[in-house]
Amino acid sequence: MPVIAIVESRADRASVHICDQLRDLVAWEAREDETRPDADGGGTYYRTDGFELRSFEALHLDLVDPAAAFSEDPDLLVFASRHSGETGPLLTAHFTGNVGPAEFGGEPNAFADAAPNALAELLDASDQYAPDRYEVGMECTHHGPTAVGCPSLFAELGSDDEQWDDPEGAEAVARAILDLRNVAPHRTDPETGRPRQLVGFGGGHYVPRFERIVRETPWAVGHIAADWGLDELDDRNAVETVVRRAFAATNADVAVVEGTKPELRDVIEELGHRVESEAWVREVADRPLSLVDAVERALGPIADGVRFGDRETEAFEVVSLPTDLVTTAESVDPDRTWDTVTAHAVAVETSNGGSRLGDRAAIPNDTDGDRTASGLPRPLVDVVAEVIRPEFDRVSVTDAGVEVVETAFEPALARELGVPDGPLFGKLASGESVTVDGHQIEPEAVHERRTTQFPC
């Protein structure tokens, strides 16, 4: 079974209270380690299924390689800690490292290995156990230690003396930590094994954008370099060092950057990583990353308006959509048209800020036996034709496309009968009769049947 190491700091009374709750909530086996000083994790320590808890004299941020104190190599290390600030009752979590100088432990421009999946799961558990008066949140990367020895995170009780001594708050943190049993530190794409987690750059100490990603998408977030840390980097070499180390310690190849920061974006891309938006993360969601790559190669970047459909297969081809037919259908029912086309597509191009279908779509190769003359899947053409059917007298689907017949108002016929341009045109077009110079004109007299072909 994977082992999670829990670090108690006797210099941090919130940490002591959290660990007291841990010792009370489950049965532990007390053991002795005479090979290490009591101040450095030795002496009495505790084991239970999936966890080992050791106590240290120093504050967490001053520890160096605490993972080495444990009886076997941990898969994850959790610092049970206090949170300080003017933020009221708050359960929070974050990773450790320094963007710029090391004012509070660790080394400058260095990062401990993050555990993005574990942090996401910890937030979910904290939501479940937090007393009603507590908020739950996450923070940017800040303070030491930077050398831990395995992926780690801080699980914190805050934000001042009242909460640090609050048994309900301490119990909530303890229960959330226990829910990490068997949780992997990292989140990966099950099809490719590639990381489904990212590095964040920009923003403040508290990180609403990155917390949204963690809470609302299948992606996890590792190290987050806030603006106040990035502002401390005074040359390009320092920026490159921070970017390289943040990606390595997160185990990621995608970044989301808050704000413009063109020079930072250049560095990230020059180092071989991707800069994407929150919208990209949401659109990709939990789709296989190999499929995402294939779609972007075939149709273009998601950032340029490519959107995924309901079909998930890399065995697809790119076809031109019948734009006149699609535009007509969108004028009838844009939402139904969108749902109709994307239900048959792997992905589509879009226009108008992503709200309308574009010119091309990626469609699965599994419809070869039923195509129109231009190669479109016949079922796709059929369902788009159904969208427009209520608006026409007749709609027919053939191998060549869609033929529609309608009875339409013809202004030229109305003028020939002496109807002046203006409101009377509108009445005739809507099926009402009008009177001009004492003569009644019926709408049938100024309508004609038209046939339109939509090649497909």
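Begin by selecting helix H2 (residues 116-129) together with helix H4 (residues 167-178), which pack at an angle of about 140° with their axes 8 Å apart; axes here are lines fitted to C-alpha atoms, for helices over the stretch in contact, and angles run from 0 to 180 degrees between N-to-C directions. That angle makes H2 oblique to H4, since angles under 35 degrees count as roughly parallel, over 145 as roughly antiparallel, 65 to 115 as roughly perpendicular and the rest as oblique. The helix labels come from DSSP runs numbered from the N terminus, with helices (H or I) of at least four residues and strands (E) of at least two.

The model is a predicted one, in which local features need pLDDT of at least 70 and side-chain atom pairs count only at pLDDT 80 or more, while totals for chains, interfaces and linings use all residues. Residues are numbered from 1 along each chain as its sequence is written, and side-chain values use heavy atoms, with hydrogens and water left out.

Staying with the helix pair, show the side chains of Leu122, Ala125, Ser126 and Tyr129 on H2 and of Ala172, Arg175, Ala176 and Ile177 on H4, the residues that make the contact, where contact means heavy atoms within 4.5 Å.

Next, select Arg187, in the loop between H4 and S11. Arg187 is buried, because its relative accessible area is 17% and buried means under 20%, exposed over 50% and partly exposed in between (1.4 Å probe, protein chains only). A polar atom of the Arg187 side chain lies 3.1 Å from the backbone oxygen of Pro218, and among the residues that Arg187 touches are Asn117, Ala120 and Glu121.

Move on to His205, in the loop between strand S11 (197-201) and helix H5 (208-216), which counts as partly exposed at 24% relative accessibility. Its side chain is joined to that of Glu139 by a polar contact of 2.6 Å, a term for a pair of N or O atoms within 3.5 Å in which, within protein, one must be able to donate a hydrogen and the other to accept it, residues adjacent in sequence counting only if both atoms are side-chain atoms. The C-alpha atoms of His205 and Asp227 are separated by 8.4 Å, although the two residues are 22 apart along the chain.

Finish at helix H10 (residues 289-299), which is largely enclosed by the rest of the structure because nine of its eleven residues are buried. The cover over those buried residues includes helix H9 (278-284) and strand S18 (356-364). Just after H10, look for Gly300, which takes a positive phi of about 115°.

Methods. Lists of a residue's contacts leave out its neighbours within four places in sequence.
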